[in-house]
Amino acid sequence: MLQKEIIILGDVEMGAGNLTDDFISDNALSDLILELSKRPHPVDLVFNGDTFDFQKCPYQEKGSLIYPRHITEKVSLSKLNLVYLAHKEVFLAMKEFINIPFHRLYFTAGNHDMDLVYRKVREKIRSLLGNKKRVRFLKLHYRFKGVYAEHGQQYDFLTRINFRKLFLRYKGKEILNIPFVPLALISQFMKMKEEHPFLERITPRPLLFQLHKSLMRKITFSTTVYFLKSIFYYPLRYFFDPTHAFPKNLFQEFYHRVKESHWDIDEVLPSFKKKKRSLKKGHIYVLGHVHKQSVEDNGGTVIIHPGCWRDEYILDKENKALYPVQKKYVQILVSEDGSLRYELKEVSLKRSILNLEEVKLDEKKQILMAAEEEGFKPRLVN
Ligand SMILES: [Mn+2]
């Protein structure tokens, strides 16, 4: 007998429907949610972090779209409104899903939706979905019997959220304590993302840079300038702005990295395994953040990365073709006796293979074409 079905997916990254919004699979996602809502048994639907892309979502101020560093509750609420307007279909499907008494919707926090720590943001989502009790916001992880899901940003030092100090004060107001690197992305790279909206959807990044030298130079230059300013200029220029404080932690980390000659990009898995030394046999661990798809089954201890739901492509070195990544989710069936069965399921979408050279010529055009293929209309792109 089935006790419960658990569905876990992540990194949806719903934004404002502008050029920095990378989510276009509204139809596929709402179809999945609507299908789940028809299940006659209890279903826990877990959105495992970065569901809402507050980080790349602009704030509308006096008619123009800006990317402020100081994120008050009011700013987050206004961003949430843009996300809702751009992706209403998904919200409506979620609403339908929790209309059933034994269905539950869970959101774990990721680095892109840290704004969920604001009470009014959570209340607003609950009211948009029309039910208070069946929507649950989890600080870090979802857990049921032997199932564990967590976004994974806590194992990546660049995006780790400081849960002991979630807020800062600036000009008498409470603002989010966003880590240094995501803040750099907000204030330095969103404009670049608007200029190159498609390129950030392409992996692997090293290969993209190798085949697109001018982009690499642009990013290297911009990063260097921002980094130098963050050390020598901003802390003095904006002395009373806590978001421009000297990035002390970063230097400690760099000091350790120099000592250990550790220059790899932080993968989530090794650090996760180190922190959770007692991964249990028969348990299933689901992680997001890193947008790769993988299943690791070590003698019954299972770790799954279902990958992302935002639009992404894999670049082929030989022919410069761009293969759209298929969307996946984890299905776990929990029996009455607590035993688990899992499957990494694919939602197959008919999408064209693109070409890097063509994308380089007109990124906006390709953004719109991809959206059209999925039947999505980006609200703020014309
Ligand atoms: Mn993330």
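Predicted model: local features only at pLDDT ≥ 70, side-chain atom pairs only at ≥ 80, totals over all residues.
Colleague: Let's begin with the whole chain. What does its secondary structure come to?

Modeller: The chain has 12 helices and 19 strands. Its radius of gyration is 21 Å, close to the 21 Å that the globule rule gives for 382 residues, so the chain is as compact as a globular protein of that length. Along the principal axes, the C-alpha atoms fill a box of roughly 65 × 45 × 45 Å.

Colleague: How do I read the contacts in the chain?

Modeller: Look at how far apart in sequence the partners are. Among contacts between residues at least 6 apart in sequence, 70% join residues at least 24 apart.

Colleague: What share of the residues is buried?

Modeller: Buried residues make up 36% of the 382 residues in the chain. The general idea is that nonpolar side chains tend to be buried together in soluble globular proteins. In this model, the largest nonpolar core has 79 residues. Ile8, Val46, Val83, Met94 and Val286 touch the most other members of that core.

Colleague: Take Val83 as a case. Which residues does Val83 touch, beyond those up to four places away in sequence?

Modeller: Val83 touches Met14, Gly15, Ala16, Phe52 and Cys57.

Colleague: Now the helices. How should I describe two that pack together?

Modeller: Two packed helices are described by the angle between their axes and the distance between the axes. The crossing of H2 past H4 is right-handed. On the H2 side, the contact is made by Glu73, Ser76, Leu77, Leu80 and Tyr84. On the H4 side, Lys120, Val121, Lys124 and Leu128 take part.

Colleague: And at what angle do the axes of H1 and H3 cross?

Modeller: The axes of helix H1 (residues 26-37) and helix H3 (residues 88-97) cross at roughly 5° and come within 8 Å. H1 and H3 are therefore roughly parallel to each other. Residues of H1 including Leu29, Ile33 and Leu34 meet residues of H3, among them Val90, Ala93 and Met94.

Colleague: What about loops? Is Arg310 buried or exposed?

Modeller: To decide, count the C-beta atoms around a residue: 20 or more others within 10 Å make it buried. Arg310 is in the loop between strand S14 (301-306) and strand S15 (313-315). With 24 other C-beta atoms within 10 Å, Arg310 is buried. Leaving out residues up to four places away in sequence, Arg310 touches Asp11, Val12, Glu13, Asp22 and Phe23. Also, Arg310 and Arg201 are 109 residues apart along the chain, yet their C-alpha atoms are separated by 8.4 Å.

Colleague: Where is Leu116, and what is it in contact with?

Modeller: Leu116 is in the loop between strand S5 (103-108) and H4. Leu116 counts as buried, with 23 C-beta neighbours inside 10 Å. Apart from neighbours within four places in sequence, Leu116 is in contact with Phe107, Ala109, Val121, Arg122 and Phe137.

Colleague: Let's turn to the backbone. Which residues does a cis peptide bond join?

Modeller: A cis peptide bond joins Thr203 and Pro204, and you can read it from omega, which is about -10°. Pro204 is in the loop between strand S11 (202-203) and helix H6 (205-211).

Colleague: Phi is another backbone angle to read. What is phi of Glu13 near?

Modeller: Phi of Glu13 is near 55°, a positive value in a residue other than glycine. Glu13 is in the loop between strand S1 (2-9) and H1, and it counts as buried with 28 C-beta neighbours inside 10 Å. Lys145 also has a positive phi, near 50°. Lys145 is in the loop between strand S7 (141-144) and strand S8 (147-150). With 17 C-beta neighbours inside 10 Å, Lys145 counts as partly exposed.

Note on methods. Residues numbered from 1 in each chain as written. Core = buried A, V, L, I, M, F, W, Y, C linked by C-beta atoms within 7 Å. Buried ≥ 20, exposed ≤ 12 C-beta atoms within 10 Å, placed from the backbone. Contact = placed C-beta atoms within 7 Å. Helix = DSSP H or I, 4+ residues; strand = E, 2+ residues; numbered from the N terminus. Rg over C-alpha atoms; globule rule 2.2 N^0.38 Å. Left-handed = near helix turned anticlockwise from the far one by under 90°. Axes fitted to C-alpha atoms, helices over the stretch in contact; angles between N-to-C directions. Parallel < 35°, antiparallel > 145°, perpendicular 65-115°, else oblique.
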